[in-house]
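User: I have a structure to go through. Please take my questions one by one.
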Amino acid sequence: TTTVAGSTTSYTITVANLGPSPVVSAVLTDPSAAGLVCTTVSCAQFGTAVCPAGPLTIATLQAGIAIPLLPSSPVGPPPPNRVEFYVGCGVTASGN
């Protein structure tokens, strides 16, 4: 995908547990990327997975945020027990 300075973009981070046992307090870290100024983050939970308690901020996502519960999930596309983080950013530099 080509991005253009001055535009906006977004991306989704999907977190699932494909192992045999539930995971409590898995930590997700999403460091900043050159050319992006991210300003919004939200979370959606699917199945019996649990999103972190809010408010969610870019700073907490960059520092590492604990996901309270990720039950084991059969392989799927997509896995039924998962959390998805939606991140919105402004583009400050053009590129691929």
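Analyst: Contact here means heavy atoms within 4.5 Å. This is a predicted model, where local features need pLDDT of at least 70, side-chain atom pairs count only at pLDDT 80 or more, and totals for chains, interfaces and linings use all residues. Residues are numbered from 1 along each chain as its sequence is written, and side-chain values use heavy atoms, with hydrogens and water left out.

User: Which residues is G88 in contact with, leaving aside neighbours within four places in sequence?
Analyst: G88 lies in strand β5, residues 82-91. Strands (E, at least two residues) are DSSP runs, numbered from the N terminus, as are helices (H or I, at least four). With those neighbours set aside, the contacts of G88 are T9, S10, C38, T39 and T40.

User: Is G88 buried or exposed?
Analyst: Buried means under 20% relative accessible area, exposed over 50%, partly exposed in between (1.4 Å probe, protein chains only). G88 counts as buried because its relative accessible area is 14%.

User: Which ring does the charged end of R82 sit over?
Analyst: The rule asks for NZ of Lys or CZ of Arg within 6 Å of the ring centre and within 35 degrees of the ring normal. For R82 the distance to the centre is 3.9 Å, and the ring belongs to F46.
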